[in-house]
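Dear colleague,

Please find below the structure that I am handing over to you. A summary of the findings follows it.

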Amino acid sequence: MNESGTQGGGGPLDFVHTGPGTPAGQYLRRFWQPIYRFEDLSAGRAVPVRVMSEDFTLYRGEAGAPHLLAFRCAHRGTQLSTGWVEGDDLRCFYHGWKYDSGGQCIEQPAEPQAFCDRIKIKSYPVQEYLGYIFAYLGEGAPPPLPRFPRFESGAVEVHSQYLACNYFQRVENALDSVHTAFVHRYPYGFKYGMVGDAKLRVEESPWGLTLFTHWATGQRAVHHLVMPNVLLIEARAAEEGESPWDLLGWRVPIDDTCHVSCTVDHAQDVAAAANRYWRSGAERQSLAAVASEQGEKVVAGELRIEDVEDRRAIFELQDYVAQVGQGVIADRQAEHAGHSDLAVLAIRKTWTRELQALADGQPLTKWAQVIETDD
């Protein structure tokens with residue numbers, strides 16, 4: 001095991017590095033990934049986005065449809081997101097070359113003999129779902145976008161958070177239930193009590209892995225890892241007496257040193273959205289950014305979590321500290337894993353199996369495209 005937590009750093013079993021051409025990067029690109037919040041991209045606007053150490057141009061046409069193209073103009077290489085959206089097309093800021101939503105150059109204003117037919121940049125499939133714009137960055141035709149039927153009705157709140165560490169640390173955290181009693185002592189710690197007698201069971205499911213936790217207090221918890229990088233928790237209450245809510249969280253690499261956690265909170269009972277945990281999407285987004293800033297101060301020893309008075313984003317702050325506190329890329333070689341890490345080790349084993357199959361040219365597991373659990 002090397003410092004990335006995989007055997008043969010950079011080799012076929014490296015699940016930490018996700019840039020173009022890396023094994024984990026190739027694997028993740030076979031799945032749809034959320035790359036932008038729906039409400040943050042207005043019609044007629046173009047923005048740069050970076051996913052898995054690769055840059056892209058995301059824009060929304062004047063009629064409202066999102067599109068994703070290569071980062072640079074094919075002419076002289078300037079950044080396309082600085083240009084103008086015209087209908088469903090994008091015109092370069094530098095010399096006015098114009099591209100349609102499929103990446104085909106359709107205008108070259110300064111060329112007396114245009115050669116548009118020979119110029120085409122990459123374009124990528126995008127879809128809007130559950131408050132995010134999803135992109136498929138792999139080769140060939142994309143698979144169906146996975147669906148989460150439970151989240152398609154009721155009240156939904158969407159926010160994303162930047163974390164200054166490798167995405168896989170957050171993926172592993174998806175099935176680390178024991179940390180809840182310590183990292184999230186407020187509000188969970190006193191409820192779960194002693195964790196030493198917690199019974200853990202992990203199973204492979206049609207969509208990935210499921211961890212069943214039976215606490216010494218008699219309470220139970222179920223956490224799902226929807227392969228390859230999605231956390232799903234259902235029927236979870238923020239505090240005693242509150243209505244249950246569900247959570248989805250995609251852990252999407254920006255590059256190997258940072259990632260974004262794209263979260264969807266859901267309450268089947270719309271009235272539950274008015275309880276004191278729920279906020280507007282814009283407010284939660286702002287609070288998540290503050291939580292990351294506070295998390296950096298906690299890690300640097302400039303602030304204590306206990307001294308933070310505004311606890312509206314306490315979960316985001318606590319998880320930031322726990323994840324970034326492992327280092328930019330966790331040194332798994334120095335770990336001393338125990339029984340409580342049963343599910344974390346299962347994640348690594350499953351990922352290793354899939355990356356080995358990819359390296360060997362063998363069939364990969366076909367994970368479920370519709371995720372509807374019955375916990």
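For the classes used below, Ala, Val, Leu, Ile, Met, Phe, Trp, Tyr, Cys and Pro count as nonpolar, Asp, Glu, Lys and Arg as charged, and the others, Gly among them, as polar. By these classes, the lining of the largest pocket consists of 22 nonpolar, four polar and two charged residues.

Please note that this is a predicted model, in which local features need pLDDT of at least 70 and side-chain atom pairs count only at pLDDT 80 or more, while totals for chains, interfaces and linings use all residues. Residues are numbered from 1 along each chain as its sequence is written, and side-chain values use heavy atoms, with hydrogens and water left out.

The pocket

A pocket is found on a 1 Å grid over the protein atoms alone, as an open set of points where a 1.4 Å probe fits, with protein on both sides within 12 Å along at least five of seven lines; lining residues have an atom within 4 Å of a point. The largest pocket has 28 lining residues, and Arg30, Phe31, Pro143, Trp367 and Gln369 lie nearest its centre. Its volume is about 450 Å³, where a volume is the space filled by probe spheres set on the points, and points are joined across faces, edges and corners.

The cores

A nonpolar core is a set of buried Ala, Val, Leu, Ile, Met, Phe, Trp, Tyr and Cys residues joined through side-chain atoms within 4.5 Å. Buried means under 20% relative accessible area, exposed over 50%, and partly exposed in between (1.4 Å probe, protein chains only). The largest core has 66 residues, and Leu68, Phe148 and Trp351 have the most contacts inside it. Helix α7 (residues 342–360) supplies the largest share of this core, seven residues. Helices (H or I, at least four residues) and strands (E, at least two) are DSSP runs, numbered from the N terminus. A second, separate core of 15 residues includes Leu69, Cys73, Cys105 and Cys116.

Helix α6 (residues 314–324) is largely enclosed by the rest of the structure, because ten of its eleven residues are buried. Asp319 is one of these buried residues. Leaving aside neighbours within four places in sequence, His179 is in contact (heavy atoms within 4.5 Å) with Asn173, His184 and Asp319. His179 lies in the loop between α2 (167–173) and α3 (180–183), and counts as buried at 14% relative accessibility. A polar atom of its side chain lies 2.3 Å from the backbone oxygen of Asp176.

Asp14

Where does Asp14 lie? Asp14 is in the segment before α1 (23–28) and is buried, with a relative accessible area of 2%. Its side chain makes a polar contact with the side chain of His17 (2.6 Å). A polar contact is a pair of N or O atoms within 3.5 Å; within protein, one must be able to donate a hydrogen and the other to accept it, and residues adjacent in sequence count only if both atoms are side-chain atoms. A polar atom of the Asp14 side chain also lies 3.0 Å from the backbone nitrogen of Val16.

Backbone geometry

Most residues other than glycine have a negative phi, and most peptide bonds are trans. Met52, in the loop between β2 (46–51) and β3 (54–60), has a positive phi, near 55 degrees. Ser53, also found in the loop between β2 and β3, has a positive phi near 65 degrees. The peptide bond from Met227 to Pro228 is cis, with omega near 5 degrees.

Yours sincerely
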